[in-house]
Amino acid sequence: MILLNVESISKSFGGVTAARDVSFTVARSEMVALIGPNGAGKSTVFNMIGGQLKADHGRVLLENTDITDASPQERFRLGVGRTFQVAQTFLSMTVIENVQMALISHRHESRRAWNPARKLHREEAFTLLERVGMVDIADQPCSTLAYGDVKRLELAVALAGEPRLLLMDEPTAGMALRERAALMDLTSSIVDTMKIGVLFTEHDMDVVFGHADRVLVLLRGKIIAAGSPEEIRNDPQVRQAYLGDSHALARSV
Ligand code: ADP
Ligand code: MG
């Protein structure tokens, strides 16, 4: 079942065309990687799906609902979630409190309800922490977390918004390679159990080829190839235009 349908979206900034007639789909339970060198237009595409940027033309459909003109808040409400950086989490709170706050915020309950009722949504928050494997450290202050744990918490916070589609723009930035693979393993298992769709970017090709169901290659704002990891790895145009170094690709086979 098609979850996201991106139809020929474009975006220019002054003279720079950051995205040009970009079209693709993401299905339910599918993990799609959008790859390309720095400046290729990946974040621009993410922002046109999340609503932070409005497409110059083209359409964005979420399960057949046209969300092209919807605000980021409306898109979030309709099920377009994204992971936010550390700064968005409340470092002075504990792990579980962060997830409880996300649940409160998603339900439009007043944050003033928080202080007299620190138990609000605690069970549900536990369930989400189970999904990301953080139950053991639920009551630990976020300020003491290792970086990889902060990233897992960001995932739990995003899941509190009950997304149908999760946008992950460089979720593993700043992480060591082993941690990156672990975070994407976790994301894969969540895609399987929660039946959501994920669109992500990642610079490490091993991680991309190991986790994506499908790969889209963006170069100078255009999708130059789309296919399975195998197809992309063997695409001569991709090798030449983007990956350049065929040895780097061979290593990741
Ligand atoms: P990526 O995420 O693949 O690195 P971006 O989408 O961030 O690429 O950027 C694509 C191109 O658009 C780049 O040339 C970048 O400089 C330009 N760009 C992105 N955002 C803006 C903006 N807000 N204003 C002007 N130019 C921008
Ligand atoms: Mg970017």
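1. Definitions first. Helix axes are lines fitted to C-alpha atoms over the stretch in contact, and angles run from 0 to 180 degrees between N-to-C directions. Helices are DSSP runs (H or I, at least four residues), numbered from the N terminus.

2. Provenance. This is a predicted model, in which local features need pLDDT of at least 70 and side-chain atom pairs count only at pLDDT 80 or more, while totals for chains, interfaces and linings use all residues. Residues are numbered from 1 along each chain as its sequence is written, and side-chain values use heavy atoms, with hydrogens and water left out.

3. α5 with α6. Helix α6 covers residues 177–194 and packs on α5 at about 20 degrees, with the axes 10 Å apart. That makes the two helices, α5 and α6, roughly parallel (angles under 35 degrees count as such). The crossing of α5 and α6 is right-handed (the near helix is turned clockwise from the far one by less than a right angle). On the α5 side, the contact (heavy atoms within 4.5 Å) uses G148, K151, R152, L155 and L159. α6 supplies E179, L183, L186, T187, I190 and M194. By class, this contact has six nonpolar, two polar and three charged residues. Ala, Val, Leu, Ile, Met, Phe, Trp, Tyr, Cys and Pro count as nonpolar, Asp, Glu, Lys and Arg as charged, and the others, Gly among them, as polar.

4. α3 with α5. Helix α3 (residues 95–106) packs against helix α5 (residues 147–159) at about 25 degrees, and their axes are 8 Å apart. α3 and α5 are therefore roughly parallel. Their crossing is right-handed. V95, N98, V99 and A102 of α3 touch L153, A156 and V157 of α5. Six of these contact residues are nonpolar, one is polar and none is charged.

5. α3 with α4. Helix α4 (residues 122–131) packs with α3 at about 115 degrees, axes 9 Å apart. α3 and α4 are therefore roughly perpendicular (65 to 115 degrees). The crossing of α3 and α4 is right-handed. From α3, V95, I96, V99, Q100 and L103 take part; from α4, R122, E124, A125, F126, L128 and L129. The classes here are eight nonpolar, one polar and two charged.

6. Rings. R233 does lie over the face of F209, 4.8 Å from the ring centre. For that, CZ of Arg must be within 6 Å of the ring centre and within 35 degrees of the ring normal.

Notes:
Chains lettered and ligands numbered in written order. Parallel < 35°, antiparallel > 145°, perpendicular 65-115°, else oblique.
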